[in-house]
Amino acid sequence: MIEPMGLRARKKARTRDAIADAAISLHRFADHHGEAARVVRDRRPDVSPVTALHRHFRAGLDRYEPVTGLNDHSEVVAFHRLVFTTPSLAGRLTQYMLEDEEALAGALGPGIHARLRAAQVLAVQRVLARANWQKIADGRTARDVHPEAVADADQAFAQLR
């Protein structure tokens, strides 16, 4: 039998959730929620979904958007470190990614193929962003990492095709 949470535990959980929400929304991460689905829905009919997503990710690299991991601003690097090393924040970020995956699958179409493709694309973006952040966390500049980040993105999206 599951016992209901006491008042103290509920307050603690609400506080933890509020902190996690605030942390995730820092540096405009929340602005990117559902972005992959929007990119697919807004693409030209002659552009494949994966090509549109690849171009969008590359443009984010060129703008040094924090969501690509290619940003060396000290607050962004510290934020990534906090998120990647705090289980509750990493869990919240995972929840955002699962919601994005569902939205992208809906934009790609019905069936398991769309769900698998959505999961693959978002996994590639996550791995690329984490790799970029790690290089910067190791002391390199975003400008120095940029050519590698572009080459990695090109290779990863080519494998998706």
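What pattern does the protein follow, read along the sequence? The answer is α-α-α-α-α-α-α. The protein holds 7 helices and 0 strands; these are DSSP runs numbered from the N terminus, with at least four residues (H or I) for a helix and at least two (E) for a strand.

This is a predicted model, where local features need pLDDT of at least 70 and side-chain atom pairs count only at pLDDT 80 or more, while totals for chains, interfaces and linings use all residues. Residues are numbered from 1 along each chain as its sequence is written, and side-chain values use heavy atoms, with hydrogens and water left out.

**Overall dimensions and surface**
- The C-alpha atoms fill a box of roughly 55 × 45 × 25 Å along the principal axes.
- Accessible surface comes to about 9,700 Å² (Shrake-Rupley method, 1.4 Å probe).
- Carbon and sulfur atoms account for 56% of that surface.

**Burial and contacts**
- Of the 161 residues, 37% are buried (under 20% relative accessible area, 1.4 Å probe, protein chains only).
- Among contacts (heavy atoms within 4.5 Å) with a separation of 6 or more, 69% join residues 24 or more positions apart.

- Beyond its neighbours within four places in sequence, L53 contacts A36, V39, V40, L104, V121, Q125 and F157.

Definitions and conventions: Buried means under 20% relative accessible area, exposed over 50%, partly exposed in between (1.4 Å probe, protein chains only).
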